Amino acid sequence: MSAHPTIRDGDKLIIYSDNEIFAVEANIVVEVLETEQFFMLPVIASPSPHSNREFIKGTMTHRGEVIVVIDLSLLFNSPPSQIGQRDDNTIEDDGPCKVAITRKDAASLGIYIGKRKLSFLWKEELSNLELKPSNEDYTLGLIDPSGKKIRLIDWQKILTKTQDVLSSRNMSLA
Amino acid sequence: MDLSKYKSLFLQETGEHLQEISKELIHLEGEPHNSATLDNLFRHFHSIKGMSASMGYEVMASLSHKLEDILDAIRKKRVAISQEIMDVLLNGSDILQAFAKMVADDKPLDMDISFLLSRINTVLTAKEGVPQPSIPSAPIPPFSVQPAAQGLSLPTMIKVDSGIFDGFMGAVGELFTVGSRLKEFTAKSYPVEFHEAVHHLGKTIEGLNQAVITARMIPFDELTQNLPRIVRDMCKKAGKDADLVLHGGDVKLDRAVLEHLTDPLVHIIRNAIDHGIESPEERIQSNKPPKGRITIAVARERDNVIIEITDDGRGIDTNRLKEKAVQSGISKEKIEIMADRELLLLVCAPGLSLAKEITETSGRGVGMDVVKGNIESIGGRLEISSQLNKGTKIILELPVTISIIKVLLISISNQLFALPISKVMKVIDVHKSDIRDGSPYPYFVYKDTEIPVIGLRNLLMMPPLEDRDTLPVVIIDAKDKISAIVVDDFEGEMDAYVKPLSRPMVRMNGIIGVTVLGDGRPVFLLDPAALISG
């Protein structure tokens, strides 16, 4: 599916995870598409033992471009680190899964949606809602429509974190 | 100086200014008191004057200057805009147009314009408010001068943002991918017409690729235009004096290659000034001319470009280099048996600096390793030769273009990787029993040379494969040492459109770029130098 043709600044794409709901600025979503598999990202030489790269699901290709796909649930839950790569080159989900391709300037990230639910929160709906501040990492704030806690993600920080994790010589903990 | 190569640019820019002049004169006629229009006109005539003078077209420069005088007189209210003045300005721009055409046709600029010059003098000497004597309109010369309004024309050259060519290159890369995919289909049973069509498509894509590469090629001297100024400023700061000489500035390279050269070139020049070229006093004492000389010589050799940057300074003191190398942790024994070429390349080792003092910009032991890394990242090579008290030569060997390169495909756990063929010396199977223990890596002997063996699985932190009697290895020459990389299997060669990595993958260790296969699989291009250094 293509991004909604009438997306405007301020609209949000809402991704429902198992325990959380995430909001992404809809104007950076290029496309939401389905894929059967992800490809591994080669990490050469010693990454920091403290780095958690489990939130990086792998890569996929989109119109000739290689996109790193991340899973927001894993990023925010931060499971324990497991160094090493699996001995298979692909990770297959159970059937096709959805990924939102997001892009800002020359940087791209695929946000794993899987079989989770997606919706939009339009600017007009948001105008009545307060964006509450949040101290949590990679979060611009929290939106709370009708009692649901929606985390508005800080895409730029997540991009930087992903880049740091992949730059094994310059690893930093975000 | 040969200015002919700038003729097209001159004509293009003059054409653009004349078009603007034509528009602005019409505005001026409608709004004679619009000072912005006057300023714009002044600027356009002034630009034509400057460019014409630089190119040696004196008659055009002189006419533009006279027309500027009229505008200046109007600005200073010495004359008022009249129909006569407008006619003279329009006539003047038409004649400049005619001259430009004569330049384009390689005709001598011998048109008689005395009639126009006399009209200009007349309008300039007329006093404001005083009726001017009737002046007959200038006769149209017998050739080529036509008022601009009577004909429309388009420039033969167009200015295009370089990003558009990057876009073309990206599109060609995608066509390569589609072409590869179709070729895979043809391996299955399809009618011969389909095979022919795919073959034709492949040829067309290759032609398009060549056309785009040609369009992206720019002469080396486009990169070095600011270099004389940079050299001057660096010399001034360092209390030195040096000439910069460029040979072969017209050799063309892919813009993408030149982009990788900007920082390395400045760094090499900076090193030459800071550490190579002596002060004028020191040079005189060494029987050298007080002014140093830095020469950049560019030459094309088949698909490569060789750039030699030579200075006539004090050269590299190899004894001092050996001392520094020992201090940095390299064993004395190893250094003693190093060939000169290998020894000199130690100046590119991270953290090793020969500088006696740290300047604002060099001597911190950073820089030459980055220079070398930059050159190698595009499949290039760096060599150094030096003679004490005579000077140093840095030789850069670069591919003319980097977008499509020949790669060796290898596999690890069914995932494909690519290695630049330019770094691959040999692909062989090595019997496990031939591999001996060694530090830091095990090794085997090949043609009387001990070659360290590095497992790619190990680097990728993947578990080793079950015991195999023979190991497929790729012998690579990178980082100025020969090493063998153990892979799972070889998967053949291919021409790959390699894209640079973008964020967030941009700083991934050991990966230079990525290509996408016809079936959508990404293939990462490994950096042999990074694999060896671990």
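**View 1. Where chain B meets chain A.** In this predicted model, 32 residues of chain B are in contact with 37 residues of chain A, contact being heavy atoms within 4.5 Å. Together the two chains bury about 2900 Å², with 57% of it on carbon and sulfur atoms; buried area is the accessible area (1.4 Å probe) that two parts lose on being put together, summed over both. Look for Met461(B), Arg503(B) and Pro504(B): they supply 24% of the area that chain B buries against chain A, more than any other three residues.

**View 2. The side of chain B that touches chain A.** Elements that each supply at least two residues here include strands β9 (415–420), β17 (511–516) and β18 (522–526), along with helices α15 (456–459) and α16 (528–533). Helices (H or I, at least four residues) and strands (E, at least two) are DSSP runs, numbered from the N terminus.

View 3. Over all chains, the count of disulfides (cysteine sulfur atoms within 2.5 Å) comes to zero.

**Notes on the views.** Residues are numbered from 1 along each chain as its sequence is written, and chains are lettered from A and ligands numbered from 1 in the order in which they are written. Local features need pLDDT of at least 70, side-chain atom pairs count only at pLDDT 80 or more, and totals for chains, interfaces and linings use all residues, while side-chain values use heavy atoms, leaving out hydrogens and water.
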